[in-house]
Amino acid sequence: MASKKRFSRFIAWTLIVFEGVSLTLVVGILYATLSRSMDHEFYNKLQVQEKEVSMALSDRLNMLETRVREISLNNAVRVSLMLGIKNQLLELMVRQYPFANGSFFFVQERDGSMFIPELPGSLVALKPYLQKLVQKKDLQKIEFKNFGDGLFLSLFSIPINRKDDRLGTAYVVYDLSQDTHFLQRILGKSHSKLFIQTPGHLVDIRTGRSKTIPEGIRNLTANGSDHPLTDLFPGESLIPLEMFPGLFYAASSEPLQKEKSSLIFKLVFLCVAIFLLTLLVSFLIARKVSNPLESMANQALEIAREPSSPSLQLQEEKLEYIEFRNLAYAFNQVLISLLETQEKLQRRAKELDASEKRYRSLVETSPIGILSMDKGWKIVFANQTLEEITDYSQADLCSMNFWDMVSSDEQDRMRQTGENYLRQGMQKGWEIRWIRKDGQPIWVEFRAIRIEEVGKQAILVNVMDVTEQKLAYEEKKELQTQLQHAQKMEAIGSLAGGIAHDFNNILLPIIGYTEMAMTDVPQNSPIGKNLAEVLKAADLAKSLVQQILTFSRRSEKERKPLKIQPIIKESLKLLRASLPSTIEIRKNIDNECGAILADPTQIYQVMMNLCTNAYHAMREKGGILEVTLTEVNIDSPDLPPNLDLNPGPYLRLVISDTGHGMDRTVVERIFDPYFTTKGPGEGTGLGLSVVHGIVRSHDGYITVYSELSEGTTFYIYLPLIDVDTKVPEAISTEPAPKGEEYILFVDDDEQIVNVVQQILERLGYCVAARTSSVEALEAFQAQSGKFDLVITDLTMPNMTGIELAKRLIDIRSDIPIILCTGFSETISKKKAEAIGIREYVMKPITMHGLAMTIRKVLDKDKG
């Protein structure tokens, strides 16, 4: 027979053990928490000290950097280096930059042969490093580096320049160990130390003593400044200086250990006292708990002997404590609720029946299609809305699989995607394409979840017809694509404007210096002929800038009588350089063809677009690109009869290739905007549309003939005009008109100022040149009556040419002003004249053009 145990003893010992374990854990946790708090406070103080030391070192190095910069900018040092006055430089360095507090300032000559003052013997080992730094073009900093032989130094160097000429190099070498006053200030008289790391050792900067780093520790800074090293050396905590890798700040941890020992003693004393008190209380609680339980057990036995008794309840009044009375009351309530639960279950069954009827009605009348399927996607139930969406009856739907309404070539893939959708438990809708009973495709969005019906796995699906939304989205997407393309073209236009402005500013000095050089050599000499070719190239570059602006729609298109033979030849020359050798170019250009009224840039664009398309058609196998230009009469019987043109003479441009060709479907859409047969990233679908628009805008006609594997031929007809064409204006070599007036010229580009000043002075004018609009205004204010003409650039810092012109007119209303610009969208000739500016010219202007414009303005005022 098993021995009987008293519950009261069990409770008492349980409480004792529980309290003992709990107290031990609490004391342990309390000690760990307080210990960590102490550590954290200690480390915070250590980090604050580290930050103070780092900031002090940083301030010290910044001061040294400022001083060495001061040397590089010292005019006396520069002059001494320029003139080679070494004694004067030595005296200056010793007087103004003496050796003090570990800092040694010195200067090295340009050739690197001599240091002033000479390096002390202790610093001779630095010469290899200094020779490397002498080639550097900006400030170089080496902070607290081990240079060997016990040298732990910081080194700063900066070139001493006079404009672009290097005169020498300024240095400062800083030995922290020699800066005793600074170390005393940042470390004080405490046990704090500052170490520098060397291979395998830490060296005390103040005393020079070294400590060996224990084996196995490779990186002392791996934990950063947030986790000091406490176990590296006994009694010291080490923390790296975050701002200066390789430097470490150390402080004694002895005060921290004393505080922890005192804490342990106090916690042990408190733990013993609480345990003794707990032992006494546990036995008292056990007695109070066991007695009422024995009383309740006796009453329960009496109820068990008479289950049919009307008094089927525990006697609450026999219990002494409220807690045990509550327990007896709860037991009695459980007995009463058993009968009440039976009645509630009967009522719940009736409510569920009514709820099923209500929800079935909701499903049948829902505007959303609802499907119930087994785990194999076999449709079990479909509501009336789904009949309207699919045109199938409920009977038809219940005999189908969910994927039967998907096209046969997509069923396997869509089913696998649907399984993944359910497996991932996705909540968002999923769009698929169904085929209605009448064969019409529709887009539906469905949401599916796994449910359980009658103990079996099932799938519940909500279906919405989103065909109209899908079509609207696709239309919106197409519009967004067109908008993005328009924005991209606008950005290209902005870029082209900036390029044109800078390029025109570059061309002006090229043209100006070339023209001046031509006047200095005989006209028929080899140099003169070469310079003439430079002018021709500059003129072509000027035309190219105009083409860039026109193509980007940032310059007005101007049509004029034009023979297009040179444009065609120039285009083919450019294409020849970029096309592979597998493509042969044949040209049949009739040089006797007449002129048309056209914009040269647009004709160039037509050529480049059509020839580029021909290249794309032949790039895999090669072929022949043929360009033919002839005159034809529209009444000629050999021309196609369907040309939508008026009778008369036309210029016919034919561009053909032997590429892969096109079928009839592609030919019918070839001129539609955004239509392209090229892959992603190879074309926008706008090239041929632009060509078609250009030809039609010139009152011409374009047609295409193509067969698969036979190549493609484009026919372009442009109406001839009965006028003589003018040779495009070139840079004039005729003598330019001169004058003797006083001109104020302003431009922020120093190169432009130099060349224009020379041009004007060669033309006989007196010139006051300024590279700042503010300085120009000051000069004009000082002597406003002195100047006969002002020529100013438009785009300048601080004050634009427009603002300057207004200020000059306010000072003197009759002052003639000429405004120059490489390119601007904010000002036009009409706007400039409205302000009071006499002439508005575009860079690059030639010497002859500038002279003519000046005389036009000045002679008009005199007349």
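Colleague: In strand 10, which residues point one way and which the other way?

Modeller: In this predicted model, Glu-236, Leu-238 and Pro-240 point one way from strand 10, while Ser-237 and Ile-239 point the other way; all are buried. In a regular strand the side chains alternate between the two faces of the sheet.

Colleague: Why is Cys-611 called buried, and why does Cys-820 count as buried?

Modeller: Cys-611 has a relative accessible area of 1%, and Cys-820 has 8% relative accessibility. Buried means under 20%, so Cys-611 is buried, and Cys-820 therefore counts as buried.

Colleague: How many disulfides does the count give?

Modeller: The count is 0 disulfides. The criterion is a pair of cysteine sulfur atoms within 2.5 Å.

Colleague: How do you know that strand 10 and strand 11 pair, and in which sense?

Modeller: Pairing requires at least two bridges. Strand 10 and strand 11 (residues 247-252) have 5 bridges and pair in the antiparallel sense. Ile-239 stands opposite Tyr-249 of strand 11. The two strands form a hairpin with 6 residues between them, and Gly-246 in the turn has a positive phi of about 100 degrees.

Colleague: Why are helix 2 and helix 3 called roughly antiparallel?

Modeller: Helix 2 (residues 75-83) and helix 3 (residues 86-96) pack at an angle of about 155 degrees, with their axes 8 Å apart. Angles over 145 degrees count as roughly antiparallel, and helix 2 and helix 3 are therefore roughly antiparallel to each other. Helix 2 passes helix 3 in a left-handed crossing.

Colleague: Which residues of helix 2 and helix 3 meet?

Modeller: From helix 2 they are Ala-76, Val-77, Ser-80 and Leu-81; from helix 3, Gln-88, Leu-89 and Leu-92.

Colleague: What makes strand 2 and strand 3 stand at the edges of their sheet?

Modeller: The open sheet has 5 strands in the order 2-1-5-4-3, with antiparallel pairing. Strand 2 (115-116) and strand 3 (140-146) each have a single partner strand, so one side of each is left without a neighbour in the sheet. Strand 3 is joined by 5 bridges to strand 4 (residues 152-162), and the two run antiparallel. Lys-145 has Leu-153 in strand 4 as its bridge partner.

Terms used: Residues are numbered from 1 along each chain as its sequence is written. This is a predicted model: local features need pLDDT of at least 70, side-chain atom pairs count only at pLDDT 80 or more; totals for chains, interfaces and linings use all residues. Side-chain values use heavy atoms; hydrogens and water are left out. Buried means under 20% relative accessible area, exposed over 50%, partly exposed in between (1.4 Å probe, protein chains only). Helices (H or I, at least four residues) and strands (E, at least two) are DSSP runs, numbered from the N terminus. Axes are lines fitted to C-alpha atoms, for helices over the stretch in contact, and angles run from 0 to 180 degrees between N-to-C directions. Angles under 35 degrees count as roughly parallel, over 145 as roughly antiparallel, 65 to 115 as roughly perpendicular and the rest as oblique. A crossing is left-handed if the near helix is turned anticlockwise from the far one by less than a right angle, and right-handed if clockwise. Contact means heavy atoms within 4.5 Å.
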